[in-house]
Amino acid sequence: MKNFLVKTVANAGALAVAVWLLDKITLTGDNTGKEIGTLFLVALIFGVVNFLVKPVVKLLSLPLLILTLGLFTLVVNALMLLLTSWLADQLDLSFHVEGFWTAVLGGLIISVVSWALNVILPDGD
């Protein structure tokens with residue numbers, strides 16, 4: 001449980017950095033508390049999407065991953081971010097990613113920041 005919580009906090013921090021750096025990734029709310037709550041809900045959605053959908057997509061795109069020497073992972077990450085944005089919209093959360101190339105750059109930022117935060121934050125072991 002602690003490991004899940006740490007990963008969710010790392011995802012929330014990575015999403016916050018992406019929202020802060022990219023104008024076309026938006027997170028809005030009435031006040032700061034509501035924005036933080038929305039950020040954590042989006043981080044939960046992002047974690048579930050990465051846990052359930054991403055392995056299937058990576059398996060189905062394995063030939064492209066091999067052909068591009070892993071660079072297709074950027075596209076997979078972008079698709080996961082776009083799916084998270086769509087799910088957030090369906091749940092009336094104020095998180096939106098505008099466009100595929102924004103999602104590619106956002107996915108790259110989220111991957112790097114999430115990796116760094118997972119290195120810094122303690123895990124559940």
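Helices here are DSSP runs of H or I, at least four residues, and strands are runs of E, at least two, numbered from the N terminus. Keep that in mind for the element names.

This is a predicted model: local features need pLDDT of at least 70, side-chain atom pairs count only at pLDDT 80 or more, and totals for chains, interfaces and linings use all residues. Residues are numbered from 1 along each chain as its sequence is written, and side-chain values use heavy atoms, with hydrogens and water left out.

Start with the largest pocket. A pocket is an open set of points on a 1 Å grid over the protein atoms alone, where a 1.4 Å probe fits, with protein on both sides within 12 Å along at least five of seven lines; lining residues have an atom within 4 Å of a point. This one holds about 410 Å³ of space. That volume is the space filled by probe spheres set on the points, joined across faces, edges and corners.

Which elements give two or more residues to the lining? They are α1 (2–21), α2 (32–52), α5 (72–90) and α6 (100–120). The most comes from α2, with 7 residues. In total, 20 residues line the pocket. Nearest its centre lie Lys7, Asn11, Phe46, Gly47 and Asn50. By class, the lining has 8 nonpolar, 10 polar and 2 charged residues. Asp, Glu, Lys and Arg count as charged; Ala, Val, Leu, Ile, Met, Phe, Trp, Tyr, Cys and Pro as nonpolar; the others, Gly among them, as polar.

Next, the surface. Leu71, Leu74, Leu105, Leu108 and Val112 form a nonpolar patch, with about 430 Å² of accessible area together. Patch residues have over 30% relative accessible area and no salt bridge, and nonpolar side chains (Val, Leu, Ile, Met, Phe, Trp, Tyr) are joined within 5 Å. Areas are Shrake-Rupley, with a 1.4 Å probe. Helix α6 gives the largest share of the patch, 3 residues. Leucine 108 sits in α6. Why is leucine 108 partly exposed? Because its relative accessibility is 41%, and partly exposed lies between buried, under 20%, and exposed, over 50%.

Now a contact across the chain. Valine 17 is in α1. Its C-alpha atom is 7.7 Å from that of valine 113, 96 residues apart along the chain. Valine 17 is partly exposed, at 25%.

Last, charges. The structure holds 1 salt bridge, meaning a side-chain nitrogen of Lys or Arg within 4 Å of a carboxyl oxygen of Asp or Glu. Lysine 34 pairs with aspartate 30, closest N and O atoms 3.9 Å apart. Lysine 34 is partly exposed, at 47%. Aspartate 30 is exposed, at 70%.

Definitions and conventions
Patches are made of residues with over 30% relative accessible area and no salt bridge: like charges are joined within 9 Å, nonpolar side chains (Val, Leu, Ile, Met, Phe, Trp, Tyr) within 5 Å. Buried means under 20% relative accessible area, exposed over 50%, partly exposed in between (1.4 Å probe, protein chains only).
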